[in-house]
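Below are some notes for a colleague who is opening this structure without having seen it before. Please read them with the sequence and the 3D view side by side.

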There are 2 protein chains.
Amino acid sequence: MTSRKPALAVVGATGAAGAVMLQILSQRADVWGEIRLLSSGPPAPSARGGGPSPHPADRGLAVRGAWTEVLPLGEDTLRGVDVAVFLAPEEVAARWAPIAAAQGAVVVDASPAFRADPDVPLVVPEVNPHAARIRPRGIVAGPGCTTLAMIVAVGALHAEFGLDELVVSAYQAASDAGQAGIAALRGQLAAVAGTELGTAPGDVRRALGDDGAEPFAAPLALNVVPWSGTPQDGGWSSEELRVRAETRRILDLPGLRVTATCVRVPVVTTHSVAVHARFERPVTVARAHEILATSPGVVLYDDPAAGDFPTPADVVGTDPTWVGRVRRGLDDERVLEFFACGDNLRKGAALNTAQIAESVAAELAAARAAPS
Amino acid sequence: MTSRKPALAVVGATGAAGAVMLQILSQRADVWGEIRLLSSGPPAPSARGGGPSPHPADRGLAVRGAWTEVLPLGEDTLRGVDVAVFLAPEEVAARWAPIAAAQGAVVVDASPAFRADPDVPLVVPEVNPHAARIRPRGIVAGPGCTTLAMIVAVGALHAEFGLDELVVSAYQAASDAGQAGIAALRGQLAAVAGTELGTAPGDVRRALGDDGAEPFAAPLALNVVPWSGTPQDGGWSSEELRVRAETRRILDLPGLRVTATCVRVPVVTTHSVAVHARFERPVTVARAHEILATSPGVVLYDDPAAGDFPTPADVVGTDPTWVGRVRRGLDDERVLEFFACGDNLRKGAALNTAQIAESVAAELAAARAAPS
């Protein structure tokens, strides 16, 4: 029995979500002993013309007010940690998460690598917290940021009305593509500001040049791009199929009808979703408002006549899912429409990961405190 | 019997849609005799900080290559025209369209003023052309630009599969709010370009100042705004209810289930819509592709693996509805998803109006040519 606080490794500390994780670790109740920062490779190259990396100090970062060395990811640097959070690319997580688990750490992975693995629970602490305790591989996954932009609100409404069908249109921010995405959007906006572009077919594309859209599938400034992820069967994108699969797993509704359309918009950070939800039982806006106003992790902000509705530029940097524009279907009393915004780097990645990690830390502490 | 070409009045010639109408009149087959340009008031004030008006010559404009005086809208200036197209604010159309009709002109109105009037047909020439011939008040209306971004494609699919339900999420461009909207977006983008804004709650709002969002309901640069139009019962916006009412009228499906969410995005011109359509009969992507590829007014552009999908910056300035991202619902073989883009000033306003006006001109010419 010991009162030692658990040791945490942050894999991917130098990325966009990693930077937010370091903020969160400095802001939330400090449950951790050692915090070890690990990087899976050299600092990501900034996008073409995107300016210098926002992390000029590639060998150390501040966390909990202290300069902390960034170590290379490896078997030795993963040794001796109790919890390892992965905010790293999918291929890094796929390779290193099992190694960390084999060395005794509980892994919390924000990447898609294990989200479909039946032996890896997919967890959103406000919705299915207990799922995190059953982890045959020693790995817990969090869903993607598009699912996380709406699932806390959807889960609360499902508990009351019983979800039957979900149609989701996403308005995805650039930082979903990491620091390179942020730099690319800023570079593109600088190139189009003060011009008359956006009025002739392809003029933005020509102004940005051949590779000017990267890492996006088309220019993002003065535009929206109805594609993110990789091509899948039937014309679907991987992002769209993930929203369906993740929602089904988290709500434990394997037959739920879900369709998603993922569209990138020129917003730095914070995803938005227009949600059309059909329930098993009739809904009212008044009762939906009560549920949303009292659900942990949700802020109801819904009075359009007074200008009160969530927008990504107002929500960015905050923790909750903000919900507004709640309406009941005019042709179906079981349909509820709403618009939700959630910071894709906070709740959409780092915060959800931190919440899961904290619940694991509490579980480990309780296990140590129990008489053996 | 005469071969005189009909005289056309363009009301609202100095606005954003009016400017596009003058381009269209110069580009399309010339069916018109006199073209009279009318303005309903002084040039619209440019938005705060939005720079000079794009129409510095407020007393004359070029149409069909000739400088044409802009006359004030009035009973005398409406006299003697055969067709009067209104690309003017709703209140201007509500007042002056009946006056033009009483003086013998057939009015084609792009505003919302008469769209719900059962004695005014609501017409999209590719979908319900014959409706324009029955016009008890001498007025024909066109639908709004959000409906027009998808209705030609939806109508073609409905003819084959039988439409049962429509869920629409719109990505609306700034020019829907006229020249003031364009100027405001450009001013906002100039203010945020080269900054690190968009990463802290409300930072864009604070940088733009108290009235910096106008004419939008919230800042549009680095943001999306889930509100356009005026507040209606049940939390709906007027824009959203219009999509429902217009779609039902044009397709002659008064009981059709339609829900829309209208969101403004930082795009100059061209609306996009993510459409979830449920039909009465099973659909296939292959058959939907065939229909869309052969429908007048539609361009199918759908090969995401090759980077082929429509975006507003590529579609702006073109006439058709561009359709891509066609997928069949994974949980319902009657569901088709697609993404469509349409220039809100061309097909969404001026072009649809010009097409209706041309059909009226042909009808008038045929009536004149017929033996009396």
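This is a predicted model: local features need pLDDT of at least 70, side-chain atom pairs count only at pLDDT 80 or more; totals for chains, interfaces and linings use all residues.

1. One strand pair in detail. Strands β12 (residues 321-328) and β13 (residues 335-342) of chain B run antiparallel and are joined by 5 bridges. Which residue is the bridge partner of Trp322(B) in β13(B)? The partner is Cys341(B). As background, strands of a sheet pair through backbone hydrogen bonds, in either a parallel or an antiparallel way.

2. The contact between the chains. Chain A gives 76 residues to the contact and chain B gives 76 residues. About 5,800 Å² is buried between chain A and chain B, and carbon and sulfur atoms give 59% of that area. Between the two chains there are 16 salt bridges, and 39 residue pairs are in polar contact, counting pairs with both residues at pLDDT 80 or more. On the side of chain A that touches chain B, the largest share comes from strand β9 (residues 257-264) of chain A, with 7 residues.

3. Side chains of opposite charge can pair when their charged atoms come close. One such pair is Arg257(B) with Asp332(A), where the closest N and O atoms are 3.9 Å apart. Another is formed by the side chains of Asp314(A) and Arg205(B), at 2.6 Å from N to O. Asp314(A) is in helix α10 (residues 312-315) of chain A while Arg205(B) is in helix α7 of chain B, so this pair joins two chains. Asp314(A) has a relative accessible area of 21% and is therefore partly exposed. Arg205(B), with a relative accessible area of 36%, is also classed as partly exposed.

4. A network of charges. Salt bridges that share partners join a set of residues from chains A and B into one network. Among its members are Asp164(A), Glu165(A), Arg257(A) and Arg334(A), together with Asp164(B), Glu165(B), Arg257(B) and Arg334(B). Asp332(A) and Arg278(A) also belong to this network.

5. Salt bridges within chain A. Over all chains the structure holds 58 salt bridges. In one of them Asp332(A) meets Arg278(A), with 3.0 Å between the closest N and O atoms. This pair links distant parts of the chain, 54 residues apart: Asp332(A) is in the loop between β12 (321-328) and β13 (335-342) of chain A, and Arg278(A) is in strand β10 (residues 271-279) of chain A. Are Asp332(A) and Arg278(A) buried or exposed? Both are buried. A further salt bridge joins the side chains of Glu280(A) and Arg281(A), at 3.8 Å from N to O. Arg281(A) counts as partly exposed because its relative accessibility is 38%.

6. Cis peptide bonds. Most residues other than glycine have a negative phi, and most peptide bonds are trans. In chain A, the peptide bond from Glu214(A) to Pro215(A) is cis, with omega near 10°. Pro215(A) sits in the loop between α7 (203-208) and α8 (238-251) of chain A. In chain B, a cis peptide bond joins Glu214(B) and Pro215(B), with omega about 5°. The loop between α7 (203-208) and α8 (238-251) of chain B holds Pro215(B).

7. Positive phi angles. Arg64(B) is not a glycine, yet its phi is positive, at about 50°. This residue, Arg64(B), is in the loop between β3 (60-63) and β4 (66-72) of chain B, and at 32% relative accessibility it counts as partly exposed. Asp252(B), likewise not a glycine, has a positive phi of about 55°. Asp252(B) is placed in the loop between α8 and β9 (257-264) of chain B. What does Asp252(B) count as at 63% relative accessibility? Asp252(B) counts as exposed, because the limit for that class is over 50%.

Technical notes. Residues are numbered from 1 along each chain as its sequence is written. Chains are lettered from A and ligands numbered from 1 in the order in which they are written. Side-chain values use heavy atoms; hydrogens and water are left out. Helices (H or I, at least four residues) and strands (E, at least two) are DSSP runs, numbered from the N terminus. Buried means under 20% relative accessible area, exposed over 50%, partly exposed in between (1.4 Å probe, protein chains only). A salt bridge is a side-chain nitrogen of Lys or Arg within 4 Å of a carboxyl oxygen of Asp or Glu. Two strands pair if DSSP finds at least two bridges between them. Contact means heavy atoms within 4.5 Å. Buried area is the accessible area (1.4 Å probe) that two parts lose on being put together, summed over both. A polar contact is a pair of N or O atoms within 3.5 Å; within protein, one must be able to donate a hydrogen and the other to accept it, and residues adjacent in sequence count only if both atoms are side-chain atoms.
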